[in-house]
Amino acid sequence: MLFNLPTSALPPGITYLPDFISSAEETELARYLDAGDWSSELKRRVQHFGYRYDYKARRVTPESHLGPLPGWIAPLALKLANDGHFADTPDQVIANEYLPEQGISKHVDCEPCFGPVIASLSLLSPCEMVFRTLDGSAKAGIVLEPRSLVILSGEGRYAWTHEIPARQSDLIDGLRQPRSRRISLTFRTTIVGV
């Protein structure tokens, strides 16, 4: 059975922080992203910062370095480290744009590519994120509200998959709510291969 968990009952290693940024910061981040170049290499549009992740080879190499994080996003990466969520300041960010009916299938972020913590900031529209144990024996979900941050570490990073189901609406507080455009900013530290 799938249900929206209270944050105190999330799977181990998963932390949910509502209102991590202000509404003004959310608007500014979306403005910067929309002024940039969205890539349509996937079923959804994406932008990479710091390092480009090679989806086909499933790796990050020194050649995939795009430069330092832009000045408009670097302070958020630094805040994540200063607040104790990351041991080192994240050096890679991917922006994903989700339109209604778009999602991302269940996965664990590339283990040899990225460090032990993954943090994802939600912008613009709420949606449900679903977590499943690797063996499929347990399943849970939580609504990611705009401006919230979800952090995956420990078991939540390695022993549970996460996904955004591809659908037009989500059940939020007992009501079916249509989705609108959502952007996620996922912060990671790279483990650069050769």
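The largest cavity in this predicted model is lined by Tyr-98, Leu-99, Pro-100, Gln-102, Ser-125, Pro-126, Cys-127, Ile-164, Arg-179, Ser-180 and Arg-182. A cavity here is a set of points, on a 1 Å grid over the protein atoms alone, where a 1.4 Å probe fits but cannot get out, and lining residues have an atom within 4 Å of a point. By this rule there is 1 cavity of 30 Å³ or more.

A pocket, in contrast, is an open set with protein on both sides within 12 Å along at least five of seven lines. For the largest pocket, 29 residues make up the lining, and Arg-44, Ile-104, His-107, Asp-109 and Arg-188 are the closest to its centre. Here are the two spaces side by side; a volume is the space filled by probe spheres set on grid points joined across faces, edges and corners. In the classes, Ala, Val, Leu, Ile, Met, Phe, Trp, Tyr, Cys and Pro are nonpolar, Asp, Glu, Lys and Arg are charged, and the others, Gly among them, are polar.

| Space | Volume | Lining residues by class |
|---|---|---|
| Largest cavity | about 50 Å³ | 6 nonpolar, 3 polar, 2 charged |
| Largest pocket | about 510 Å³ | 15 nonpolar, 8 polar, 6 charged |

Strand S12 gives the largest share of the pocket lining, 4 residues. Helices (H or I, at least four residues) and strands (E, at least two) are DSSP runs, numbered from the N terminus.

Now for the packing. The largest nonpolar core holds 23 residues, and Leu-33, Leu-121, Leu-123, Leu-185 and Phe-187 have the most contacts inside it. Such a core is a set of buried Ala, Val, Leu, Ile, Met, Phe, Trp, Tyr and Cys residues joined through side-chain atoms within 4.5 Å. Its largest share, 4 residues, comes from S5. Another core of 21 residues lies apart from it, with Tyr-51, Tyr-53, Phe-114 and Phe-131 among its members.

Leu-33 is in contact (heavy atoms within 4.5 Å) with Trp-38, Gln-47, Phe-49, Trp-72, Ala-95, Leu-123, Ile-183 and Leu-185, leaving out residues up to four places away in sequence.

His-48 sits in strand S2 (residues 45-49). His-48 counts as buried because its relative accessibility is 10%, and buried means under 20% relative accessible area with a 1.4 Å probe, protein chains only. Beyond its neighbours within four places in sequence, His-48 contacts Glu-41, Tyr-53, Tyr-55, Leu-66, Gln-92, Val-93 and Ile-94.

As for the ground rules, local features need pLDDT of at least 70 and side-chain atom pairs count only at pLDDT 80 or more, while totals for chains, interfaces and linings use all residues. Residues are numbered from 1 along each chain as its sequence is written, and side-chain values use heavy atoms, with hydrogens and water left out.

Note on methods:
Buried < 20%, exposed > 50% of the residue type's maximum accessible area, 1.4 Å probe, protein only.
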